[in-house]
Amino acid sequence: MLRLITDFDGPIMDVSERYYQVYQLCLEKTKYPDQQVRELSKAEFWQLKRSHIPEKEVALKSGLNAEQAEEFAKIRKQTVHTQPYFQYDVLVPGALDALTKVQQAGVDLVVMTMRRVRELDYAFDKYNLGQFFPENRRYCLSNDYVKTRDIEDKPLLMAKAIKELPPVAETWMVGDTEADITAAKKHGVKMIGVESGIRDRTQLQSYQPDLIVANLQAAVDFIFSEMKLGN
């Protein structure tokens, strides 16, 4: 049997608008009343995020000073994963078709995300995604989990999944960050990076996934061709 473990934000959800809305808020909250700042366009901002440019540098590029940049980064960290902003997330085009194809082929489908339970439930309810992932195939953080760094936390989730899930002949992971690649490689899981999320190809390449493709749909097509599943 084949198992596909997919990250949530990036392969399935497009979070760019949420991050941009929070960027605009942070800029508004940290600039001085009469200060001239340069609000980045969404395209400019998202390219910086995908290039893994630090928050403080994003603030400086927007015309804030070093002290303001500290405050900007602090507000951003406190805000970006809070409930009012999750409403801005939308499905990545083609993601639902890809999940449907995987489910119909009888592949064991697992979601593995750094979202907390309530954050994942919100999106599942909004987009009816529970149909693809029974509760015992959802690996996320508890609501009171104290995060360290994704690149350290995600391998722990992967270890938990491997311990709890029934063995299968083949497992693939799809994700959009260095944390996904690290988690997969640490546990000997084949890894496909997708460019539909928060890291660009250059950032993904530096962590050496097995393959980089455009999105979840392309990843599923590749896996199915490798495993000779479906059409």
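Thr177 touches Ile198, Arg199 and Leu204, leaving aside residues up to four places away in sequence; touching, or contact, means heavy atoms within 4.5 Å. This is a predicted model, where local features need pLDDT of at least 70 and side-chain atom pairs count only at pLDDT 80 or more, while totals for chains, interfaces and linings use all residues. Residues are numbered from 1 along each chain as its sequence is written, and side-chain values use heavy atoms, with hydrogens and water left out.

**Around Thr177**

- You can find Thr177 in the loop between strand S6 (170–175) and helix H9 (178–186). Helices (H or I, at least four residues) and strands (E, at least two) are DSSP runs, numbered from the N terminus.
- Thr177 counts as buried because its relative accessibility is 14%. Buried means under 20% relative accessible area, exposed over 50%, and partly exposed in between (1.4 Å probe, protein chains only).
- The Thr177 side chain also makes a polar contact with the side chain of Asp180, at 3.1 Å. Such a contact is a pair of N or O atoms within 3.5 Å; within protein, one must be able to donate a hydrogen and the other to accept it, and residues adjacent in sequence count only if both atoms are side-chain atoms.

- S6 and S7 pair in the parallel sense over four bridges; two strands pair if DSSP finds at least two bridges between them.
- Trp172 has Lys190 in S7 as its bridge partner.
- S6, H9 and S7 together form a right-handed β-α-β unit. Right-handed here means that, with the strands pointing away from the viewer, the path from the first strand over the helix to the second runs clockwise.
- Strand S7 (residues 190–194) is mostly covered, with four of its five residues buried.
- On to the next neighbor: S7 runs parallel to strand S8 (residues 211–213), joined by three bridges, and Val194 stands opposite Val213 in S8.

**The whole protein**

- The protein has 11 helices and eight strands.
- Of its 231 residues, 48% count as buried.
- Its C-alpha atoms fill a box of roughly 60 × 35 × 30 Å, taken along the principal axes.
- Among contacts in the protein with a separation of 6 or more, 69% come from residues 24 or more positions apart.
- The accessible surface comes to about 11,300 Å², and 50% of that belongs to carbon and sulfur atoms; these areas come from the Shrake-Rupley method with a 1.4 Å probe, and for residues only the protein chains shown count as cover.
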